[in-house]
Amino acid sequence: MSNGICRICGGTVKETVNLGRQPSGNGFPLPHEIEHERSFPLSAGTCDSCTMFQLLDDVPSEAKYRDEYPYHASGSAVHRAHFEANARRFLETELTGPDAFIVEIGSNDGVMLATIAQAGVRHLGVEPCREVADVARGRGIQVLGEFFNENTAAAIRAEHGPANMVFGANCIAHIVDLRRLLQGIDTLLTPDGVFIFEEPYLGSVIAQNAFDMIYDEHVHIFSVRSIKAMAELAGFELVNAEPVPLHGGTMRYTIARPSRRAVAPAVAEFLAQEREQRLAEHGTIEKFAAAVRKIREDLTGLLGDLRAQGKRVVGYGAPAKVTTVTNYCGIGTELIPFVVDSTPSKQGRLVAGSHIPVLEPGAFSADHPDYAVLFAWNHAEEIMAKEQAFRERGGRWILYVPDVHIV
Ligand code: TMP
Ligand code: ZN
């Protein structure tokens, strides 16, 4: 166990969770690419001073974000409805002025901006991964194909003027240098503007033992306390925190310039709740790490038993989480011959490291297995509703968070 230096405040990050060496979570190599596969240490811990939970090591960004980045945010009906509702709310609250302008960092396939574009409101998505950016452009959305940083922010301001709001979902926690990010936000926002972002919530990750939320892209996992500290270090103020029921537990944060907006009571409420949960304490993360080791033991034990009984087990969903779970637990095709996923750009590829093939969902429904490990557990309701026939024929789902159980 080694310690690291906090990316936010320069404090000491104590390594408390170690998931071994891992390839990039969204790597999904083609079969001929696996000889060039790279792996990196994956361990994490909390900063002694600002309490930001973060990875100890950096994976080079070119190993994480390729032109063919396979994650499409529109892949879930629940997510589509959520981001459309977000956009409608932004149109009614932050974007009411005659020349309102919104910038979205990591706009992916345009799942949120589509509604903004339809409303005829000025917008710009910033998305370095070409394939998903092109999908958004095809929907009539303006996209700049770059990583967001203070240079891009200055260029956007010079061309379009200041933004009334900047939004980001499931990408802000990916940014290695959040200090530079906030400099960019400072450059870009109007005096009364807000930066709103929603990201997986550390409180939920810990409560659910969701260790598979830890992968190379998730450089940080935010809490209300760590975001408040980060905002203040950068000369901003955290003015709201709202829970969002996505990705197994997400928090939406609103940051503004100091004293420009009323601070919602939720900020103090979540800070008190996090204190009660001892979320910032190393001991809490050590307990989580012990629960994760038990999940590994139980899951490999169960899959080994089922194989011995001659049962057929496959995986359902190929989120980046499947990479963490299968590599940490040492699960390969001998235990799970394939996983299915509805994203066309993942099909025909392999889970990085464990090399389990990703097939289309038809491979599951055409010949139901006895058991399916639900790697996309955060979409359980949507997937179980869609795959009712599996259960009706006696199939059973295996879940591994918060512990290994069969439903
Ligand atoms: P996520 O957990 O990062 O959102 O990824 C979920 C993955 O699960 C994504 O690759 C799409 C896939 N998926 C299905 O295969 N079928 C479904 O019904 C849903 C909702 C998602
Ligand atoms: Zn720190």
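## Exercise 1: Burial and backbone in the loops

His355 has 15 other C-beta atoms within 10 Å and is therefore partly exposed. Here a residue is buried if 20 or more other C-beta atoms lie within 10 Å of its own, exposed if 12 or fewer, and partly exposed in between, with C-beta atoms placed from the backbone.

Before going on, some conventions: this is a predicted model, where local features need pLDDT of at least 70, side-chain atom pairs count only at pLDDT 80 or more, and totals for chains, interfaces and linings use all residues. Residues are numbered from 1 along each chain as its sequence is written, while chains are lettered from A and ligands numbered from 1 in the order in which they are written.

Task: find the loop that holds His355 and describe its phi.

Solution. Step one: locate His355 in the loop between β14 (339-340) and β15 (358-359); helices (H or I, at least four residues) and strands (E, at least two) are DSSP runs, numbered from the N terminus. Step two: read its phi, which is near 60°, a positive value in a residue other than glycine. Most residues other than glycine have a negative phi, and most peptide bonds are trans.

Solution. Arg278 sits in the loop between α9 and α10.

Task: describe the peptide bond between Val401 and Pro402.

Solution. Start from Pro402, in the loop between β17 (396-399) and β18 (405-406). The bond joining Val401 to Pro402 is cis, with omega about -5°.

## Exercise 2: Two helices side by side

Task: work out how α5 and α6 are arranged, and which residues meet.

Solution. Step one: compare the axes, which are lines fitted to C-alpha atoms, for helices over the stretch in contact, with angles running from 0 to 180 degrees between N-to-C directions. The axes of α5 (residues 150-160) and α6 (residues 178-188) come within 8 Å and cross at roughly 10°. That makes α5 roughly parallel to α6 (angles under 35 degrees count as roughly parallel, over 145 as roughly antiparallel, 65 to 115 as roughly perpendicular and the rest as oblique).

Step two: list the contacts, where two residues are in contact if their C-beta atoms, placed from the backbone, lie within 7 Å. From α5 come Glu150, Thr152, Ala153, Ala154, Ile156 and Arg157, and they meet Arg180, Gln183, Gly184, Thr187 and Leu188 in α6.

Step three: sort them by class. The contact of α5 with α6 has four nonpolar, four polar and three charged residues; Ala, Val, Leu, Ile, Met, Phe, Trp, Tyr, Cys and Pro count as nonpolar, Asp, Glu, Lys and Arg as charged, and the others, Gly among them, as polar.

## Exercise 3: An enclosed helix

Task: is helix α8 largely enclosed or largely open, and what packs against its buried residues?

Solution. Step one: eight of the ten residues of α8 (residues 224-233) are buried, so the helix is largely enclosed by the rest of the structure. Among these buried residues are Arg225, Lys228, Met230 and Ala231.

Step two: look at the partners. The buried residues of α8 pack against β4 (53-55), α6, β11 (237-244), β12 (250-256) and α9 (265-277).

Step three: visit two of these partners. In α6 you will find Leu178, which counts as buried because it has 22 C-beta neighbours inside 10 Å. Leaving out residues up to four places away in sequence, Leu178 touches Arg7, Ile8 and Met230. In β4 lies Leu55, which is buried because it has 27 C-beta neighbours inside 10 Å.

Step four: leave the helix. Gly235, with a positive phi near 80°, follows α8.

## Exercise 4: The ligand's surroundings

Task: which residues come nearest to ligand 1, and how does its shell divide by class?

Solution. A residue is near a molecule or strand if its C-beta atom, placed from the backbone, lies within 6 Å of it. Of the 15 residues around ligand 1, Ser76, Pro319, Ser342, Ala376 and His379 come nearest. The shell divides into four nonpolar, seven polar and four charged residues.
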